[in-house]
Amino acid sequence: MSMSTGMGASGGTGVSELFWPILDVEDVDDDAWVMVPPRAGRAAPFPEWDDIGAWSREVAEDLWTDSDLDPGPDGVDFVAGTLLRTAEALAPPGSDHWLFLHLDHPADVPLPVCAALGPTAGPREETLRALTEADDRSAVEPPVVKTVKSDRLGKGMTTFRYVPQEDSPHLLACVRYAWQVEEHGADVVIWTASEDIAHVMRAAEDLENLARTLSIWTP
């Protein structure tokens, strides 16, 4: 599993003190996604991070229960450990992005998807192409670039591309969505990158729905 950053070196947005909007995840389908909240930013702190180990175990138990499968003697511990390691690795201290984990089976390696927002950084077209890496020259072929429309975020851009890795012979399948929401003066980006290309393909519909479900709220 590998993830590239979205907005800033930590995966966050470098949110300024005068920037108030936050991502609204209230309508995200929690049957399709395990949601790991930010550790910093306007919406933090979240109680999950008070004891991330206990949170991971609770989620693991729920995943097995919802699956109607028998976890066996070690299944809950195994899944809880996977969730804990994933959360700590991809939502490190100081990160202000949401992390969404997609699993077809409780014991799967999760497909991680991040979502973040920050103050509008520049002209719309230029910004969307930068946030979606639409002109990534490291891609093995030109990225597939499409327009995407959301009732909540408006007209945006999405890209799909394959990227080589320096330390692995396997390609990364990378998907990105981005919007510039003038009403809130905010740029929004959603991103995932994984060697498990089959999982990226299986999750495509859920990822599209996630992208269309996120909205912005100004407290």
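At what angle do helix α1 and helix α2 pack, and how far apart are their axes? In this predicted model, helix α1 takes in residues 52-67 and helix α2 residues 75-90, and the two pack at an angle of about 130 degrees with their axes 8 Å apart. That angle makes α1 oblique to α2, since an angle has to be over 145 degrees to count as roughly antiparallel. As for handedness, α1 and α2 cross in a right-handed way.

On the α1 side, the contact is made by Ile-52, Gly-53, Ser-56, Arg-57, Val-59, Ala-60, Glu-61, Leu-63 and Trp-64. On the α2 side, it is made by Gly-75, Val-76, Asp-77, Val-79, Ala-80, Leu-83, Leu-84, Ala-87 and Glu-88. Sorted by class, this contact of α1 with α2 comes out as 11 nonpolar, 3 polar and 4 charged residues.

Gly-53 lies in helix α1 and counts as partly exposed, because its relative accessibility is 31%, which falls between the 20% limit for buried and the 50% limit for exposed. Between the C-alpha atoms of Gly-53 and Asp-74 there are 16 Å, with the two residues 21 apart along the chain.

Stepping back to the whole protein chain, there are 5 helices and 9 strands. Going along the sequence, they come in the pattern β-β-α-α-β-β-α-β-β-β-β-α-α-β. The radius of gyration is 17 Å, close to the 17 Å that the globule rule gives for 219 residues, so the chain is as compact as a globular protein of that length. Of the 219 residues, 48% count as buried.

Next comes Met-35, which sits in strand β2 (residues 34-36). Is Met-35 buried, partly exposed or exposed? With a relative accessibility of 23%, Met-35 counts as partly exposed. Leaving aside residues up to four places away in sequence, Met-35 touches Val-25, Val-28, Asp-30, Trp-55, Trp-98, Leu-99 and Phe-100. Glu-48 is 13 residues from Met-35 along the chain, and their C-alpha atoms are separated by 10 Å.

In the loop between β2 and α1 lies Pro-45, and the peptide bond leading from Ala-44 to Pro-45 is cis, with omega near 0 degrees. Further along, the loop between α1 and α2 holds Asp-68. Phi of Asp-68 is near 60 degrees, a positive value in a residue other than glycine. Asp-68 is exposed, because its relative accessible area is 71%, over the 50% limit.

Glu-133 also has a positive phi without being a glycine, here near 55 degrees. Its place is the loop between α3 (124-131) and β5 (144-150). Glu-133 counts as partly exposed, as its relative accessible area is 25%.

Note on methods: Residues numbered from 1 in each chain as written. Predicted model: local features only at pLDDT ≥ 70, side-chain atom pairs only at ≥ 80, totals over all residues. Heavy atoms only, no water. Axes fitted to C-alpha atoms, helices over the stretch in contact; angles between N-to-C directions. Helix = DSSP H or I, 4+ residues; strand = E, 2+ residues; numbered from the N terminus. Parallel < 35°, antiparallel > 145°, perpendicular 65-115°, else oblique. Left-handed = near helix turned anticlockwise from the far one by under 90°. Contact = heavy atoms within 4.5 Å. Nonpolar A, V, L, I, M, F, W, Y, C, P; charged D, E, K, R; others polar. Rg over C-alpha atoms; globule rule 2.2 N^0.38 Å. Buried < 20%, exposed > 50% of the residue type's maximum accessible area, 1.4 Å probe, protein only.
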